[in-house]
Amino acid sequence: MLKRACSMSYTHGSETTKLCLKAITRHFHSGQPHSAARSFFGVEDFLDDDNSRPYTYQKEKKSKNPNKHISFKQRTIAYMEPFTLDVFISKRFVSASLTHRVTSKQVAVAGTNSKDIKAALKSRSDIPACLAIGKILSERAREADVFTASYTPRERDKFEGKIRAVVQSLIDNGIDVKIYLD
């Protein structure tokens, strides 16, 4: 098309040639196609790599490691050992709970902040309080027909002292606790 426009303008004279070339270069270098239809918002509707939707939509996030394999144990551990023990110890109180992994519901809860336990204890955060919490939690777990649980300490927690007292009290009172230390 450029050849044809320039050849036509050469035949008509020198002044029209300059005007024609200026008009052609102005439309040619503006960077926008003049014959293509534009969308309502002024952006051409190009499609993405899959040719499935306009490029304005986000694609699904792909896995950083597509070759990563999830083992059978990782997929089924929540169903094989459905109850987890969670122990929280602060400077003022101790609390522990048994939670169902799949439904995320707490089955049994015990803490030194509750009224019935608070009155019977001398201190709410020492080792005897931890042993009492383990005993009460095991009674409530047996009422809910829970006899096994798994415990994985948090990253900042060490499995010693008060945490160990709560877990040992659960084990002594009939709850089988599997401890996973990394």
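Student: Why is Asp145 called exposed?
Tutor: The relative accessible area of Asp145 is 59%, and exposed means over 50%, buried under 20%, and partly exposed in between (1.4 Å probe, protein chains only). Asp145 is therefore exposed. The model is predicted, so local features need pLDDT of at least 70 and side-chain atom pairs count only at pLDDT 80 or more, while totals for chains, interfaces and linings use all residues. Residues are numbered from 1 along each chain as its sequence is written, and side-chain values use heavy atoms, with hydrogens and water left out.

Student: What makes the backbone of Asp145 worth a remark, and where does Asp145 lie?
Tutor: Asp145 has a positive phi of about 60° and is not a glycine. Most residues other than glycine have a negative phi. Asp145 lies in the loop between α5 (127-143) and β4 (148-151); helices (H or I, at least four residues) and strands (E, at least two) are DSSP runs, numbered from the N terminus.

Student: Which residue in the hairpin of β2 and β3 takes a positive phi?
Tutor: Ser104 does, with a phi near 60°, and this hairpin has five residues between its strands. Ser104 is in the loop between β2 (94-100) and β3 (106-111). With a relative accessible area of 57%, Ser104 is exposed.

Student: How do you know that β2 and β3 pair?
Tutor: Two strands pair if DSSP finds at least two bridges between them. β2 and β3 have five bridges, in the antiparallel sense, so the pairing holds by that definition. As one example, Ala96 has Ala110 in β3 as its bridge partner.

Student: What joins β1 to β2?
Tutor: Seven bridges join β1 (residues 83-89) to β2, and the two strands run antiparallel. Phe83 stands opposite His100 in β2. β1 and β2 form a hairpin with four residues between them.

Student: What makes β2 mostly covered?
Tutor: Six of the seven residues of β2 are buried.

Student: Why is the pair of Phe88 and Phe93 called tilted?
Tutor: A search of the whole structure finds two aromatic pairs. In the pair of Phe88 and Phe93, the rings are 6.0 Å apart centre to centre, with 50° between the planes. Rings of Phe, Tyr and Trp (its six-membered ring) pair if their centres lie within 6.5 Å; planes under 30 degrees apart count as stacked, over 60 as edge-to-face and the rest as tilted. Phe88 and Phe93 therefore form a tilted pair. Phe88 is partly exposed at 32% relative accessible area, and Phe93 is partly exposed at 24%.

Student: Which residues of α6 are buried, and what covers them?
Tutor: In α6 (residues 162-172), the buried residues include Ile163, Ala165, Val166, Val167, Ser169 and Leu170. Their cover includes β1, β2, α5, β4 and β5, where contact means heavy atoms within 4.5 Å. Just after α6, Gly174 takes a positive phi of about 105°.

Student: Why is Ile179 called partly exposed, and where does Ile179 lie?
Tutor: Its relative accessible area is 32%, so Ile179 falls in the partly exposed class. Ile179 lies in strand β5 (residues 176-179).
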